[in-house]
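Please look over the sequence and the structure shown here.

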Amino acid sequence: ENDISHIVDADKAHIWHHLIQHKQFETNDPRIILEGKGMRVWDQNGKEYLDAVSGGVWTVNVGYGRESIAKAVYDQLMKLCYFAQTAGSIPGSLYAEKLISKMPGLSRVYYTNSGSEANEKAFKMVRQIAHRRFGGKKHKILYRDRDYHGGTLATMSAGGQDERVMQYGPLAPGFIRVPHCMEYRNHEQGLDHLSSEEYGIASANLIEEVILREGADTVGALCLEPVTAGGGVITPPPGYWDRVQEICKKYDILLHIDEVVCGVGRTGTWFGYQQYGIKPDIVTMAKGVASGYAAIALCVTTEAVFDMFKDDPSDPLSYFRDISTFGGCTAGPAAALENMRIIEDEDLLGNCNAMGDRMMGNLQALKEKHRIIGDVRGKGLFLGLELVTDRNTKDPVTEAQIAQVTGDCGAQGVIIGASNRSIPGKNNVLCFSPALIATADDIDQITDSVDKALTKVFG
Ligand code: PMP
């Protein structure tokens with residue numbers, strides 16, 4: 001048996017933790033998660049937590065301890081652990097077929113192993129299309145303020161959260177930022193006199209302004225999250241997506257939807273884009289695809305995008321000259337297939353909608369009680385609470401105050417999340433993404449803990 005103090009010491013000596021490094025320097029008191037079952041995890045002190053963020057970063061959508069996924073992975077590994085995607089595999093074919101049956105209009109699946117990498121593949125497809133079809137000109141990729149697409153240098157170059165991007169320059173050229181569509185903060189854009197419907201159109205038109213400024217013949221793709229996740233759970237205003245799609249059509253711009261967070265059930269439909277009638281050309285996904293039971297991500301395209309690489313077989317540069325080694329791990333699609341079966345068999349989309357409604361109601365009630373809550377947003381089991389010191393000026397609470405709230409919930413045995421945004425130190429959104437198996441009691445426990453934490457921190 002591994003002695004826990006040994007595990008903790010090895011962590012202290014050798015682990016470079018993600019995102020929480022200052023805490024590591026200050027206290028060097030790591031939390032080691034030993035076990036998970038359903039909605040709950042246990043740490044090295046035996047403390048139980050209700051996980052309201054599905055593994056910290058909206059990933060374990062079907063919950064912990066799923067024997068049937070472990071078994072599907074085991075059986076597949078014993079049969080064939082790996083072969084490069086230059087060839088095919090049984091789970092690779094079966095999962096692609098099942099996935100595509102949920103995504104009318106799309107048809108090609110490119111396997112990778114992280115969300116960042118899936119987005120990189122998409123960006124490279126766009127660049128190559130620009131070279132082959134438009135003499136290299138239509139190469140720019142638009143991304144949105146507050147959106148996030150990954151931690152590699154190119155995805156950071158398409159990163160709308162400055163605090164995560166600022167210190168890694170020089171960034172890759174050809175990535176152009178468009179304004180956010182966040183109605184709650186439309187005063188920052190001088191658009192707070194508009195109705196919701198008017199703002200939906202106006203915020204989409206801000207994208208068109210950027211296209212015209214850059215020159216439409218230089219813009220190849222627009223990459224957006226359907227609902228912005230880490231940037232603060234930003235749901236689009238009404239009419240936004242219709243207008244965005246009109247603009248893409250008008251200027252012959254590919255629409256790349258980043259479903260890394262929304263994908264595979266999180267918002268209550270299979271994909272977030274399906275909430276808004278979006279017809280994407282490229283969709284990327286990761287986290288919830290196999291709920292963390294295996295590392296798997298995908299870049300999915302229409303047949304039209306795939307066909308753009310058909311060209312001249314005698315030209316050695318005519319095809320997408322790219323491989324992802326671990327895109328050939330069969331554990332990924334084997335786990336993903338079982339993950340999808342579970343969501344169907346247990347009607348987890350239905351549960352997501354029902355529990356999402358309950359949670360939204362609970363959070364709205366908290367807003368009645370706590371002046372510090374400025375806005376409640378979300379879709380399905382993907383929700384956020386924006387905290388402001390003043391509901392008129394909408395000044396954000398400090399990041400330290402947010403950390404007090406998340407810390408207090410943690411002390412109560414509930415793990416919740418927080419946002420990132422473009423102004424360092426100004427992250428002020430609490431984020432919730434419990435697994436799709438959440439019960440009414442789980443939801444109430446989460447919102448009760450937030451209620452208590454808000455009272456404690458803000459009175
Ligand atoms: N896109 C979005 C919307 C994300 O939230 C993330 C991860 N937080 C990524 C892409 C990157 O995924 P990964 O960490 O698997 O590279």
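Gly 150 counts as buried because it has 23 C-beta neighbours inside 10 Å. A residue is termed buried if 20 or more other C-beta atoms lie within 10 Å of its own, exposed if 12 or fewer, and partly exposed in between, with C-beta atoms placed from the backbone. The model is a predicted one, in which local features need pLDDT of at least 70 and side-chain atom pairs count only at pLDDT 80 or more, while totals for chains, interfaces and linings use all residues. Residues are numbered from 1 along each chain as its sequence is written.

Gly 150 lies in the loop between β5 (140-144) and α7 (153-157). Such helices (H or I, at least four residues) and strands (E, at least two) are DSSP runs, numbered from the N terminus. Leaving aside residues up to four places away in sequence, Gly 150 touches Gly 115, Ser 116, Asn 119 and Thr 155; contact requires that the C-beta atoms of two residues, placed from the backbone, lie within 7 Å. Gly 150 and Val 260 are 110 residues apart in sequence, and their C-alpha atoms are 9.5 Å apart in space.

Five of its five residues are buried, so β10 is largely enclosed by the rest of the structure. In a regular strand the side chains alternate between the two faces of the sheet. In β10, Ala 297, Cys 299 and Thr 301 point one way, whereas Leu 298 and Val 300 point the other way. Strand β4 (residues 108-112) runs antiparallel to β10 and is joined to it by five bridges; two strands pair if DSSP finds at least two bridges between them. Tyr 111 stands opposite Leu 298 of β10. Strand β9 (residues 282-285) is also antiparallel to β10, with four bridges, and Thr 284 has Cys 299 as its bridge partner.

Helix α14 (residues 440-458) has 19 residues and reaches 27 Å from its first C-alpha to its last, close to the 27 Å expected, a span taken as 1.5 Å times one less than the number of residues. Its buried residues are Asp 442, Ile 443, Ile 446, Thr 447, Ser 449, Val 450, Ala 453 and Leu 454. They cover an arc of only 150° around the axis, which puts them on the same side of α14; the arc is that of the directions from the helix axis to the C-beta atoms. On the other side of α14, Ala 440 and Asp 441 are exposed. The cover over the buried residues includes β3 (48-51), α12 (348-369) and α13 (399-411). Just after α14, Gly 459 takes a positive phi of about 90°.
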